[in-house]
Structure formats: C-alpha cells, structure tokens
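Here is a friendly walk through a multi-chain model, written for someone who likes to know the cut-offs behind each term. Have the viewer open as you read.

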Amino acid sequence: MMIKISTRKKLKQVSAVLKAFFVILVLVILYLPILYIIIQSVNADGTGNTFGGITFRWYSELFGDPELMDAIVNTLSIAFISTAASTILGTIFAIGINSLDRKRKQRLIFLNNVPIINADIVTGVFLMLVFLTFGRLIGINYPLGYITMLIAHIFFSIPYVILSVLPKLNEMDPNLYDAALDLGSKPSEAVMKIIVPTIRPGIITGMLIAFTMSIDDFIISYFTTGGGVANFSIWLYTNRKATRFHALPKAYAYNTVIMVLTLAILIIYNIIQRRKVVKN
Amino acid sequence: MKRFRMLALPYSVWMVILVVFPLLIMVALAFLDIQGLDFSTATFTFSNFKATFDKTYFEVFLRSMGYAFITTIICIVIGYPIAYIISKLKPTVSFIVLLLFILPMWTNMLLRIQSLNMLLLPEGFMKNVFGISINLSGSTFSVILAMVVVYLPFMIFPIYSVLEKQDPLLIEASQDLGASEFKTFRKVTLPLSLKGVASGVIMVFLPAATSFTIPEIMSRGKLVLIGTIIEQKFKSGSNYGTGSLMSLFLIAFIFIAIFISNKLDKEGATLI
Amino acid sequence: MKKFQKIVLILILGLSLLLVTGCTKKERLYVMNWAQYMSKDVMKAFEKEYNVRIVEDIAESNELMYTRISTNAQPYDVMIPSDYMIDRLRQEGLLQKIDFTKLENYSHDKFAPKVNELLADTGLGEYAVPYFWGSLGIMYNKDKAGVEDAVKQHGWKVLFERNLLPEGTKVGMYYSSRDVIACAQMYLNIDFNSTADADLEAAKNLLLQQNYDMWGTDDLKEAIAAKNLDVALVYSGDFFDTVYNYLYNDMEITFDMYVPTELNNVWFDSMVIPTTSKNPDLAHKFIDFFLEHENALENAFEVGYCPSLQAVYEEMLLDEEIQVVVTHPAYLPDEVNGVSYHYLGADVSTKMDNILNEVRK
C-alpha cells in the first residue's frame, strides 16, 4: 500500500494520541481509589463521611503509635528481604527449570502454580502446619515468629518470579550461552553478561510483583507468625473492627506516605536517568 | 544449558517440603472427619465428598470460574495493548509507566477495595462532598471492575516483559520483507508473546478463582464464591476435610486445564 | 547499584529487628485477645509489678482464635474468647479449670447478677472469668423517616417482614452463621440453642425468602452511620464503637440502636486459661490483676464496652464524658430476657455454615 508520507505521519500522530489517551484512562481508573485514600488521610473528619477540613493529625497519630510502627517496620523489612531473596532464588530456579526435560519441567511448573491457586487461608494453615511439624522435629516447640513469616513470604513470592522469568528465558536463544563459553568466557561471566541482561525485564517485573505480594499479605502472615509479631495487614484487619480507635484514618495516612514516598523516589530516579542521558 | 539442571534441584526439595507434603496431608484430610488437626480422634468418612460435590457448591464453583474467566479476558483485552504500548516507549519512560501501574498495589488491598466501593455507594463521602451519588455497589459490574483493577498489573507485566527487548532484528526483517506494522505484529510479535500471556493468565485466573475479599466487599456480601466457602471451612476448625477436598478439586481442575492445553499445543508455544 | 544498596540496607534493618526482638530474658506471658480490647497502660503496670513481658497476639475472629489454640501454635496463657467459643474449647478439653484460690480479687457477687445467670446457664463458671458483655440489637438510621418507630415497635420482625418498614429501607444482615440463624429463630420463637434439624430448616426457609441489601460484619455499623443502610442486625459493641468514633470526631450521631428485651441473645467475653499454658500461676496473677477494682476501672474506660463487674459499671455511670454511652439503654443488658450461645457441636455448626452459604444472595 502506498500512502503519502504526510498522511502516514498524521496517522502516526493520531494513533500516538489515542494510545496515550487509552493508557491514561486506565491509569485514572486505577488511581481513583488512591486519590480517595490520599484525601481521606488529611480529612479532619475521621469518620470519613464528610470532609472536615485538612489536618495532619492522623499522620502524627500514625507515627505516635508504637504498635502500628512496629507492624509497619515488619511489613517493610519483610517485603524488602523477601523480595530480594525470592527474586534471586526465583531467577536461579527458573534457569534451572528451563533447562529440564519436558516432563520434569511440567511437573515442577505444576507444583509452582499450586501456591498461586490455593486460597490464601489454605497456604497459611498448611505452612503453619509445616513449620510446627518441622520445627518440633528439630526441637523448637514454638517456631512461629518473624523468621517463619519471612520464609512464608519468600515461599509465595518465588512462583511469581518464576512465572515472570520463564517466558523470557524461553524467548532467549539457547545457543547464546554456549556461544559465549566457546568464545572463552567463564560460566559465571556468561550467566551474568549474557543470560541475565536478556531476561532482565522478566527479573524486574518478577521483583515488582514479589514486592507487591509481600507488602499486602494478611492471612498467610497471620498464620505463620507468632510471639506478637504483626505486619501492617494483620494490624489493619484486626484493628479495623475497633473503629473507636480510628485505625482507618491512620491506615490512610500510612498508605499515603507509601504512595508519596515511592512516587518521590520515582521522580528522583527519572531526574537522575535524564541527567545520565544528557551527560552522554 | 543442560548444566543448569542442577539449579532446579533445591527448588524441588523446597517444593516437596512446602507443597507436596501439605498436598499429601490435604489428600488425607479429604477422607477424614477431624476436629481441627487432631489426627488422634479423626474418623474415616466420605462425607467431605458429599459436601464438595453438592449442587449448591457446584453452582458456586461454576460462578467463581465464570467471574475469574471474565476478569481474565478483560485483563487480556486491556492489558495486552497497554503492555504493547509501554514496550514501545523509551526504556526509562517505560519503566516509570510500568511502575505507575503497580504502585497502587502497594497500598493495602482492603483499603483500596473499600475505597473503590465507597466511590460506588450512593451515600457517604462522595455524596456529601462532591454531590456524586452513584449506586453501583453490590452489582456484578462492581465486582468485575474491582477484580480487573486489582489483577490488571499481573497481566500487563509478563506480557510487557516478553515484548520488551524482543529481537528487533526479527521485526526489521519482517518489515524489510514488506509486511505492514499490523501484519508484523500478527505473525511475528504475537506468537512469541504468547508465553507472556500464558503467565499472565495464570497470575490472574488462578488467584481470581479463589479470591474472596474483593467479591465480599464489592458485592456487599451478597456474592458467595468458592474462596468464601473455602475460607469458611478452614476458619470453622472442624471442616478442614471439606476445605481440603475443595482446594484439591480446584488444583485438579487447573491441572487438567493446563494438561489439555499442553496437549493441544504440541510445540510448546504457550506454556512449556 | 541502587538495587544492591537497597538490599543491604534492609538486610541490616531486618537483622537489627531480629536482635531487638530476641533480647529480653524476662518471663513471658502469652495473651490472645481482640484488638484494642485491653488497656495498654494496665498491661504495662502488670509487666512492671511482676517483671514480666506480655506478648499479645491479636485475633481477628473467634474461629481464628480456635485454630491457633487447637493447633498449639503458641503456648497461650490467657485468652479472651466469646461465650460459645469458650464452651467449645471446654467441650474439647482445651481449657484448664480456674483455681479460684489464686484469685484474691475474685468474688462471685462482684459480677452483675445477669452475668452470673449466664455463667450458670452455660456451665462455664469453672473455666471463665467474665470480662465485657453486651447483647444483639438493631442499629438504625435515625434520619430515614419512619424507621425508628418501626424498629421500636416491631423489634426483630423488621428484619424479616419488609412491609413493616418504610418503602426503600435498606436492610443489612450479619453474616455470621450463628447470629443470623439465631435471629431468625428468635423471630420464629424457637430456642436458638436447639440442635433439632427442623429448627434449622425453619430458619433456613425464612432466610431464603429474604432479600437483604447487604451482608456484612463490622462494616454494617459503618454503612448505617454513612446512611448506605438504614437497618441492620449488630452487636451492641459495634454500635458503641461507632458512637465513640463519632464523638471523637465531633460528628453528628444520626444513628441509634434498639435492643429487643423480650427475647435476645446476650454475649459475654471471658478470660480463660488454655491447657497449653506453660505458666498457669502467672496467668492467674494476670486475671487477678484485672479483677482489682482500680485496674478494672481504668481498663473499662479505655475499652469502652460494658464491664461485667458491677462496681466498675456503677462508677462509670458517674463519668460525665461518656454519659451518652453508659446511660444508653443498650449499654447494660441486665434487663434483657435472653441467654448466651451454647456451642452446639461441629455437625450443627457445619449445617449452619451451609445454610448461610445458601441464603446469601
């Protein structure tokens, strides 16, 4: 088809605008609840039914509540550690699974998907059982606590990392690695310089999903923790019934802080990247 | 690449302890009438089977599959184009847009879903402050909307990841040979991206099938899905057998679905 | 690299957290309780007096409490479940008898007479020390014309006969199988502690004919306060929670609660000692501490629900700030004609759960 260049350019412009519009529309719908959360976090009317003016009292109550702060620190520390661990382990395991024969691959992928389909409560109850059983086997009568919660988070995050990395591994040309070895590079070098960069989008998306799964988990954490160690979700689910202690406004405040912080980091990252491009 | 097989070994061990062992216990529980997890007083029974394959629960199961299916389809229809658009952006911009899609997930899901629900209720904040009074809460629409809002990023991400850094030489070659952008997409890009779609389907359909918080809140408690029932069975403390059997049934169902799709797709274009 | 630094930083954070939490060598008391159901200050005073550390796990429901205790996930010394759950734990042999000789501050007549009645009726007297109590009720939106009158005139009937309520009234139901079936049975004048199949069927058939605008638990009270519901079955505690919240935020209270007194369910939570306790002596000291008048008073003020100790209740009546709460007819359920739930066994509970699944639509 021979189309004039100017028309083609216009078509491209129109399609670009349409594409941007579509993406922005979806983003707006995704962010409407977030906007609601942010507005409510500064709402002087803690019941949330009307807008009573702007206040930051919920933020000061948030930071002044030691139990809540403990829970938040647990949430964040477990999120970061489990994300790092599950991303690294998930990537390694994905590379392993990818090189298996078809039958073994199918088996492991099936097992991999079991935690994803199981209702959270099923995963939670049975992880608790596993921890209690194996803990008692090695002489720890009451093993539940921070460490078991952490292991649980790593456990349910790895499948998502694997699912993100596997398609990318599959897409990769399998001969690249062997070619690199033939050209004299060491195996570890070949992995880091050939495989990892190729599957990088998979690793990054897997990491982001793992973080998401961890930061928001309630019921699995509930069952696998002990000794009074709570995370934010546990705090919220158990405290929201006691509306007289205004858990909700404090929760809004906390979530707004998370949003604002990550957006700020994003903007700073963007600025740094632009400076890099300019420098080059 | 065969040398990497050993890397899968630790994962197998990990899976045996944390997945296979519980699965075996679940199979055992499916045949037991048990108080909590007290095996010493448990009795053998088939009553769990009667409970699971009961007409009411079967309806609930089908309903759940229906909701999960619709959610997945909508997520593909919206998610694939978005993943495609993002993958064509400059790398730094694409990373930021990608992050924008997952950022909302870093707020607490309960809060976010309740907030979404508040936006759809006739009374309360929206009415008192903005005069907006929609009454869409408690409907099928509100449930599906919330499910899509929650699960969309899980579809976008794996598709984006396979589309990103797809061998540009392939695209160039296709276009050099005279194919239009659309045809290139259809014949080159799309088939290669199917594995990403498959991952997305797994990460959306499976959790959507057993989700219970979202339908609970968005339907104002009127919608009972299989996740609701399984949760109830495990919370009751005396129905671990039924709960286990129901979960096993779901796992088996998915296993069969994946098995069939593997057989239909001999050259491994989608899953394996 | 940014990612690497992030990882290191948080590994340090995580490790330091581990060190901090593992540090204390004091004796520990494991408590399982509801959120905000015990004064932090009084707990700290206990910790100081006995030089111990209280480790508090928070329960989200009685059922989750049961799961933790039945799987022996943690060696809880003291738990505070609701009446029917205490009954269940007792029936399954998971509770120790309270050694009343170890409780200096305990005396049978210190409790409200109705509480003692409930203890006698449920047979839990040897295992439980009552804590807070209340009843079921109907919370309603005062601003919807005609609703208040209908509720006060008809009681439970308004939940099952829609024509008694003004047109367009939105009705909500509690989706806990026990409560909704008990409510239906009260309307049908059936004993809600009956295990007869026919009684369950009757409740089921009644509920199948209903069409509620919302099924919820603690979100029912918020919906009424926001006017997204006009009438709902709630716990008295739910209602007072909301009242306190609106008082705190200086917002107008447009809702109220009516407690049917001719026939109702009265609930009470109690302190119990599970058999898994490794430290029953300390557990008794803990319970005793909360029976001491000044401590109980401070605790009751902070928690806000109706205390089962009569003297504490009477002293709370004198406080100006919470008059609107403590003088409300729903606060003290002593006039209510009703009993608490007995645990009816696993089979009946399962049947009730199944009924709930069928009637929710």
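Lys235(B) is buried, with a relative accessible area of 17%; here buried means under 20% relative accessible area, exposed over 50%, and partly exposed in between, using a 1.4 Å probe and protein chains only. This is a predicted model, in which local features need pLDDT of at least 70 and side-chain atom pairs count only at pLDDT 80 or more, while totals for chains, interfaces and linings use all residues. Residues are numbered from 1 along each chain as its sequence is written, chains are lettered from A and ligands numbered from 1 in the order in which they are written, and side-chain values use heavy atoms, with hydrogens and water left out.

Lys235(B) belongs to helix α11 (residues 226-236) of chain B. Helices (H or I, at least four residues) and strands (E, at least two) are DSSP runs, numbered from the N terminus. Leaving aside residues up to four places away in sequence, Lys235(B) touches Ile121(A), Glu60(C), Ser61(C), Glu63(C), Leu64(C) and Thr67(C); a contact means heavy atoms within 4.5 Å.

**Salt bridges**

Lys235(B) also takes part in a salt-bridge network together with Arg240(A), Glu231(B), Glu60(C) and Asp218(C). A salt bridge is a side-chain nitrogen of Lys or Arg within 4 Å of a carboxyl oxygen of Asp or Glu. Over all chains, the structure holds 26 of them. Three of these pairs are set out below.

| Pair | Closest N to O distance |
|---|---|
| Arg240(A) and Asp218(C) | 3.4 Å |
| Asp143(C) and Lys227(C) | 2.8 Å |

Arg240(A) and Asp218(C) form a salt bridge. This pair crosses between chains: Arg240(A) sits in the loop between α10 (232-239) and α11 (247-279) of chain A, and Asp218(C) in the loop between β6 (214-216) and α9 (219-226) of chain C. Are the two partners buried or exposed? Arg240(A) is buried at 16% relative accessible area, and Asp218(C) is buried at 3%.

Lys114(C) and Glu117(C) both lie in helix α5 (residues 113-122) of chain C, 3 residues apart, or about one turn of the helix. Lys114(C) has a relative accessible area of 6%, so it counts as buried.

Asp143(C) lies in the loop between β4 (129-141) and α6 (147-154) of chain C and Lys227(C) in the loop between α9 and β7 (231-235) of chain C, so the pair ties together parts that are 84 residues apart in sequence. Asp143(C) counts as partly exposed because its relative accessibility is 46%, and Lys227(C) counts as partly exposed at 25%.

**Surface patches**

Patches are made of residues with over 30% relative accessible area and no salt bridge; like charges are joined within 9 Å, and nonpolar side chains (Val, Leu, Ile, Met, Phe, Trp, Tyr) within 5 Å. Which residues form the nonpolar patch on the surface? They are Phe51(A), Ile54(A), Phe56(A), Val129(B), Phe130(B), Ile132(B), Ile134(B), Leu136(B) and Phe141(B), with about 820 Å² of accessible area together. Accessible areas come from the Shrake-Rupley method with a 1.4 Å probe, and for residues only the protein chains shown count as cover. Ile54(A) is in the loop between α1 (5-41) and α2 (57-63) of chain A, and it counts as exposed because its relative accessibility is 62%.

A patch of positive charge brings together Arg8(A), Lys12(A), Lys19(A) and Lys88(B). Lys and Arg count as positive and Asp and Glu as negative, while His and the chain ends are not counted; the place of a charge is NZ of Lys, CZ of Arg, CG of Asp or CD of Glu. Lys12(A) is part of helix α1 of chain A and, at 59% relative accessibility, is exposed.

**Backbone notes**

Most residues other than glycine have a negative phi. His246(A), however, has a positive phi near 35°; it lies in the loop between α10 and α11 of chain A and is buried at 9% relative accessible area. Arg220(B) has a positive phi of about 55°; it is found in the loop between α10 (213-218) and α11 of chain B and is buried, with a relative accessible area of 9%.

**Chain B as a whole**

Chain B has 12 helices and 2 strands, and buried residues make up 58% of its 272 residues.
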